[in-house]
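Let's take a walk through this structure together, stopping wherever there is something to look at. Have the sequence and the 3D view ready.

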Amino acid sequence: MTIAEIQDGLRARKFSAAELAEGALAHGEAENPKTAAFLRFSPERARAAAARVDEKLARGEDPGALAGVPIAVKDVIVTAGLTTTCASKMLEHYTPPYDATAVQRIEAAGGVVIGKTNCDEFAMGSSNENSAFGPVRNPRALDRVPGGSSGGSAAAVAQGTAVVSLGSDTGGSIRQPASFCGVVGVTPTYGRVSRYGLVAFASSLDHIGPFGRTVRDTATLLRTIAGRDEMDATSAFAPVPDYAAAVGESVRGMKIGLPREYFEGLRPEVGDRIAAAVEGLKSLGCEVRDIAMPHTKYAISSYYIICTAEASANLARYDGVRYTMRSAHSETLADMYRNTRGEGFGAEVKRRIMLGTYVLSTGYYDAYYLKAQKVRALVARDFTAAFGEVDAIVCPVSPFPAFKLGEKVANPLEMYLSDIYTITGSLAGVPCLSVPCGETAEGLPVGMQILTRHFDETTMFRLADAFERAGTP
Amino acid sequence: MKITEKEVRYVADLANLRLTDDEVHRMSAELDEILTHVDALNELDTTNVEPMAQVLFDAPETATLREDCARATLGSAVATANAPLTAAGCYKVPLVIER
């Protein structure tokens, strides 16, 4: 069911919010042994939220735009009184004292949080294999990864447990799992959604965004969570349009750019699907042209310097003093810090803390960190130039479809390189999404990425919705 | 070689991270490969480019500053509730200074 169908059904008394919540919880419990999409369910919280919706309906009050909608939340987004682990041993027993702003807004709009989803540890990874509590499996092919880092949030929607979910995206962590699992995933403009309550990984790049089975559902969820929040100084003041009302309009005459740098080195089964999708956009009346984004190939290097530098600072707080875990074998304070962090963090988190510490250290700061920030400016300039010519950029999300578990774990650099098409949008802070555009011969989903100007989510949703309704060519 | 095992141990010390010998060995090779890859950034001339530290948006000069007024805080009981060891509303840690 879509969000709109749920709203109609609740108002027509075809079902209650309580029934929807019980159904989603039971479905999630039944699927979890197969996919491990959830780290834990929140039945008490879900039942209380559903009861509030049913009471409002009984009193004839407006229960909100997300009334009764079962929603899954990535376990890097804090929930008051509900364990939030970031899929790390470091926070295995951490119970946050407050709700993230996005969660507050969802529940105020009648949304029903059914559980917390599995992900890569501290959102660091592209396959979900870095979770301290075991990997998620792709519901579309159980021997394959769901993508990462928000793999559990993508899988929870793809397997039909949650109608929509929240993920977080720093370099592609929403779009790539959306494409691997065959759902819609949205990374809004940087600053569009408050980061208050999103456990910090790389603060200048972190975003919260929605997953859904339809473009319209993600538009509805984004509208609910977007907008200025005084708890996040980087959240923007720009008014939040009614995205869902704007979708459905014609895209005839829309100018679309295909950056040629994004079509090098991708697997033919992905390239074929994107080419067919572009033909579909042409038949909807879009004007398609080639554009150049010359700094694309430098984006990964810039990104992995900046994000690890920021991560090394953000993760310094996990020191054995405040956050539940402390090494049992430490005589001195310094030993306690080192042992706690050595025992609590997984391999990828350690690797990124090390890289980040190195690039910020004396003698290397200018050569790596400052250089990376300058290259980030050049990548952002590519987008400014492109959006002088076109309304939207269309390209692949990932060079390949979902890969097998274990296939890429041995080589960290190769895993980093797989983020090539999603990282540029993250660095520039522009809105971007992944919308399904068919399958490979093996039946693996392929996602098409759409990027638009800062704060122009409306154009992005309108194009994605028109494409979705036209059907995959 | 971009980074030696000795440097890896030095950086781990800066990061307050205990690494096993095996981790140091593996990390040296992995970081070396990554640092070699990112060297490609030096192909670009960035002489007159301002570093981009943040995605900026248009807003009035002081818009991001909220009113400076007192408000309720978590309180020490809630703030320390997740700590592994507390006493009298404070965090307890191993001995820092000998007396």
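Where in α2(A) does a kink lie, shortly before the proline A:Pro33? The kink, of about 25°, is at A:Glu29; the bend at a residue is the angle between axes fitted to the seven residues ending there and the seven starting there. Before going on, a word on what you are looking at: this is a predicted model, in which local features need pLDDT of at least 70 and side-chain atom pairs count only at pLDDT 80 or more, while totals for chains, interfaces and linings use all residues. Residues are numbered from 1 along each chain as its sequence is written, and chains are lettered from A and ligands numbered from 1 in the order in which they are written. Helices (H or I, at least four residues) and strands (E, at least two) are DSSP runs, numbered from the N terminus.

Let's stay with helix α2 of chain A, residues 17-35. Its 19 residues should span 27 Å at 1.5 Å a residue, and the end C-alpha atoms are 25 Å apart, which agrees. The expected span is 1.5 Å times one less than the number of residues. Several residues of α2(A) are buried, including A:Ala17, A:Leu20, A:Gly28 and A:Thr35. Here, buried means that 20 or more other C-beta atoms lie within 10 Å of the residue's own; exposed means 12 or fewer, and partly exposed is in between, with C-beta atoms placed from the backbone. Among the elements covering these buried residues are α1, β1 and α3 of chain A. Just after α2(A), A:Ala36 takes a positive phi of about 55°.

Further along chain A, the loop between β3 and α5 holds A:Asn128 and also A:Ser149. A:Asn128 has a positive phi near 70°, though not a glycine, and is buried, with 33 other C-beta atoms within 10 Å. A:Ser149 is joined to A:Gly148 by a cis peptide bond, with omega about 10°.

Next, find A:Ile305 in helix α10 of chain A, residues 299-314. A:Ile305 counts as buried because 29 C-beta neighbours lie inside 10 Å. Beyond its neighbours within four places in sequence, A:Ile305 is in contact with residues including A:Val359, A:Tyr368 and, from the other chain, B:Val38. Two residues are in contact if their C-beta atoms, placed from the backbone, lie within 7 Å.

That last contact leads us to where the chains meet. There, 57 residues of chain A are in contact with 42 residues of chain B. On the chain A side, α13(A) gives the largest share, 10 residues. By class, this side has 28 nonpolar, 17 polar and 12 charged residues; Ala, Val, Leu, Ile, Met, Phe, Trp, Tyr, Cys and Pro count as nonpolar, Asp, Glu, Lys and Arg as charged, and the others, Gly among them, as polar.

Now for chain B itself. Its elements run α-α-α-β-β from the N terminus on. The radius of gyration of chain B is 23 Å, well over the 13 Å that the globule rule gives for 99 residues, so chain B is more spread out than a compact globule. The radius is taken over C-alpha atoms, and the rule is 2.2 Å times the number of residues to the power 0.38. Buried residues make up 15% of the 99 residues in chain B.

How confident is the predictor? Chain B has a mean pLDDT of 90, and 93% of its residues reach 70 or more; pLDDT is the predictor's confidence in each residue, from 0 to 100. The model scores ipTM 0.94 and pTM 0.97.
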